[in-house]
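Dear colleague,

Please find the structure below, together with its sequence. My notes on what was found in it follow directly after.

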Amino acid sequence: MQTNVKVEKLDLFNHADSRVAIIVANGKAGFNDVLHVFMTNDALAAWLKQMRQEHADVDFRYVEDFLGTAVNYSIWNDVEGMSLHSVVDASFDVTREDLTPLAPLFDAFGTMTRLKNGRMSMAEASDILKHKEVYFLGTKPAEGQTIEKRDIVFGKTIVGESLTAFLTEESANAFAQKSVPVSKCKLKELVAFFDYKYSVCLEPARSFSIVLPSDALR
């Protein structure tokens, strides 16, 4: 398998919560060491028809899941990579090696979705995510700066009773919708800036957004 597209062009994180069909052959995810993922019903139907004709001895099925889940599987399992089908007779192929730099980002996505689906406790999710580097709107406060002053410095970072944080700089800029400073730090450092006064809303504009209590991020 060879990569035939720049990974950046696929903008995978912005489509992480898209529902996709993932091929399962003879009870195992993938076929011929490649995870085949379908964005459209037409592409799925055409591929299945062809494969069932060419490989009558193989039991082809599919499961529905998030694109982000498919990316995570491709990174951490024994496949050559992922083939993303959006139209009939064409695919975007990306090797596992080219997907691997996205591992921290999609690990965080996986943790967030498991928490939302009740497959992970808040304590477990917080313990993983507090070590992740996140982006926030504003600049790091100077040492000794009061909480009240920090509220002003961070501006739109505080929404309701929560700080907002983002997994990518692009996500932070899209949420701001205007030119504001964007900074980066570990999630546990962000809540510490405010003396653990606020919870954190991670990726507030996404369907997989979660709110983490400050005490769990110490």
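Helices (H or I, at least four residues) and strands (E, at least two) are DSSP runs, numbered from the N terminus. Residues are numbered from 1 along each chain as its sequence is written, and side-chain values use heavy atoms, with hydrogens and water left out. This is a predicted model, in which local features need pLDDT of at least 70 and side-chain atom pairs count only at pLDDT 80 or more, while totals for chains, interfaces and linings use all residues.

I begin with strand 11. Strand 11 comprises residues 199–202 and is covered on both faces, with Ser199 and Cys201 buried on one side and Val200 and Leu202 buried on the other. Here buried means under 20% relative accessible area, exposed over 50%, and partly exposed in between (1.4 Å probe, protein chains only). In a regular strand the side chains alternate between the two faces of the sheet.

Two strands pair if DSSP finds at least two bridges between them. Strand 9 (residues 162–165) pairs with strand 11 in the parallel sense over 4 bridges, and Leu163 stands opposite Val200. Strand 12 (residues 210–212) runs antiparallel to strand 11, with 3 bridges joining them; the bridge partner of Cys201 there is Val211.

Ser199, in strand 11, has a relative accessibility of 16% and therefore counts as buried. Its side chain makes a polar contact of 2.6 Å with that of Ser162. A polar contact is a pair of N or O atoms within 3.5 Å; within protein, one must be able to donate a hydrogen and the other to accept it, and residues adjacent in sequence count only if both atoms are side-chain atoms. Leaving aside neighbours within four places in sequence, the residues in contact with Ser199 (heavy atoms within 4.5 Å) include Glu161, Leu163 and Val211.

Two loop residues deserve a note on backbone geometry. Most residues other than glycine have a negative phi. Glu203, in the loop between strand 11 and strand 12, has a positive phi near 55° and is buried, at 1% relative accessible area. Asn32, in the loop between strand 2 (28–29) and strand 3 (34–38), also has a positive phi, of about 55°, but Asn32 is exposed at 55% relative accessibility.

Helix 5 (residues 103–116) is mostly covered, 10 of its 14 residues being buried. Its buried residues pack against several elements, among them strand 4 (60–66), helix 3 (67–76), strand 11 and strand 12. Gly118, which follows helix 5, has a positive phi near 75°.

Turning to the aromatic residues, a search of the whole structure finds 12 aromatic pairs. Rings of Phe, Tyr and Trp (its six-membered ring) pair if their centres lie within 6.5 Å; planes under 30 degrees apart count as stacked, over 60 as edge-to-face and the rest as tilted. Phe13 and Phe208 form an edge-to-face pair, at 6.0 Å centre to centre and 80° between the planes. Phe13 lies in the loop between helix 1 (7–10) and strand 1 (19–25) and Phe208 in the loop between strand 11 and strand 12, so this pair ties together parts that are 195 residues apart in sequence. Both Phe13 and Phe208 are buried. Together with Phe66, Phe106 and Phe109, they form one aromatic cluster.

Yours sincerely
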